[in-house]
Amino acid sequence: MTREQKKLLDEIRAVDFTLVEAVLYLDAYDGCEAALAYYQGQRCRREALVQEYEKLYGPLTAMGNMSKTSWDWTSEPFPWEYEAN
């Protein structure tokens with residue numbers, strides 16, 4: 001795994017963490033407009049990061065397999081297999 005790939009993957013993980021925390025907050029304070037706006041912003045940020053990752057390195061999850069002619073999800077080591085990357 002290259003340094004750039006790891007950095008992007010770490011950024012996605014950090015955004016995932018913020019999304020989980022935002023969901024927990026919204027579960028308790030569902031009327032908080034600022035929290036909802038924060039959640040939506042982080043969700044869009046995650047989507048952009050995942051698109052960038054998949055464009056450069058292939059599918060991040062099985063749902064990221066976009067090829068209509070091949071199953072690319074299993075053609076490379078999985079993102080969590082550091083030793084294989």
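## Basis of the model

At 29% relative accessibility, Glu-11 falls in the partly exposed class, a term for residues between buried (under 20% relative accessible area) and exposed (over 50%), computed with a 1.4 Å probe on protein chains only. The model is predicted: local features need pLDDT of at least 70 and side-chain atom pairs count only at pLDDT 80 or more, while totals for chains, interfaces and linings use all residues. Residues are numbered from 1 along each chain as its sequence is written, and side-chain values use heavy atoms, with hydrogens and water left out.

## Salt bridges between the helices

Side chains of opposite charge can pair when their charged atoms come close. The criterion applied here for a salt bridge is a side-chain nitrogen of Lys or Arg within 4 Å of a carboxyl oxygen of Asp or Glu. A search of the whole structure returns 5 salt bridges. In one of them, Glu-11 pairs with Arg-45, with 3.1 Å between the closest N and O atoms. Glu-11 belongs to helix α1 (residues 3–28) and Arg-45 to helix α2 (residues 33–57), so this contact ties together parts that are 34 residues apart in sequence. Helices are DSSP runs (H or I, at least four residues), numbered from the N terminus. Arg-45, at 36% relative accessibility, is partly exposed.

Asp-16 and Arg-46 form a salt bridge with an N to O distance of 2.3 Å. Because Asp-16 lies in helix α1 and Arg-46 in helix α2, the pair ties together parts that are 30 residues apart in sequence. Both residues are classed as partly exposed: Asp-16 has a relative accessible area of 26%, and Arg-46 stands at 27%.

Glu-47 is partly exposed at 43% relative accessible area, and Arg-43 is partly exposed at 34%.

## Cysteines

A disulfide is a covalent bond between the sulfur atoms of two cysteines. With the criterion of a pair of cysteine sulfur atoms within 2.5 Å, the count is 0 disulfides. Cys-32 is partly exposed, at 22% relative accessibility. Cys-44 is also partly exposed, at 43%.

Key:
Helix = DSSP H or I, 4+ residues; strand = E, 2+ residues; numbered from the N terminus.
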